[in-house]
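The sequence and the structure are shown first.

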Amino acid sequence: MSPVVTLLVGADNVVFHASEATLCRVPFFRAALQGQSEHAAEKRIWLPEDVPPILSALLEHLYTGTYTYNRTIFDGTLTHDLPEGRFHVSVYAVATKYRWQPLVKAAVRNFLVVLPVLSGIDIVRLWKAAYEAGLTMSVCDSDGRLADFQMLLPKLLQGLYVTDTAEMESTIADLPSLANDIIQLLVAASGN
């Protein structure tokens, strides 16, 4: 039986427990637990910069191969919204930070489920959060999953420059990489 490791997460040191064998599947935890460090001897790791629900998603994925977001259910129908999209972006960031590629793929897949359900400025807000975490259009489109969405985006963006000018300008100024991708989409659309 594998020893149990205590994880102290966030500023409030929320406690999680996981088997060492399970945690060691992740390169970061393997390095921390199999060396001569304090973490290895005590079977205790402090993760003050992480957010408990997001780290919980990492642990859930390690044990089950998936992770969940607590969705609101109306009339038996799952609803997707901007907070859910941001949750998946945060899971992507943690998966990237800890170099757990299966979770990176799951977070991108879940992000892409939420994206087409949003409308208006919420789409840009989600892309802004995604770009801040390193989740770009090119990362999402590595297997062509964004093609349909990218065809609709230029028309949406043109409308948003009229209805939400200040927020669009702020987003573009804050994230040059997102601005570059948006400009490329607009130029490509104007050529069609």
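A cavity is a set of points, on a 1 Å grid over the protein atoms alone, where a 1.4 Å probe fits but cannot get out; its lining residues have an atom within 4 Å of a point. By this rule, the count is 1 cavity of 30 Å³ or more, the volume being the space filled by probe spheres set on the points. The model is predicted: local features need pLDDT of at least 70 and side-chain atom pairs pLDDT 80 or more, while totals for chains, interfaces and linings use all residues. Residues are numbered from 1 along each chain, and side-chain values use heavy atoms, without hydrogens and water.

The largest cavity holds about 30 Å³ of space. Its lining consists of Val124, Trp127, Leu153, Leu157, Leu178 and Ile182. The helices below (DSSP runs of H or I, at least four residues) are numbered from the N terminus, as are strands (E, at least two).

| Helix | Residues | Lining residues supplied |
|---|---|---|
| α7 | 121-132 | at least two |
| α9 | 147-163 | at least two |
| α11 | 176-190 | at least two |

Elsewhere, 3 strands form an open sheet in the order β2-β1-β3, with mixed pairing; two strands pair if DSSP finds at least two bridges between them. The edge strands, β2 (14-19) and β3 (44-47), each pair on one side only. Strand β1 (residues 4-9) runs parallel to β3 and is joined to β3 by 4 bridges. Leu8 has Trp46 in β3 as its bridge partner.

Note on methods. 1 Å grid on protein atoms, 1.4 Å probe; cavity = no way out; pocket = protein on both sides within 12 Å on 5 of 7 lines; lining within 4 Å.
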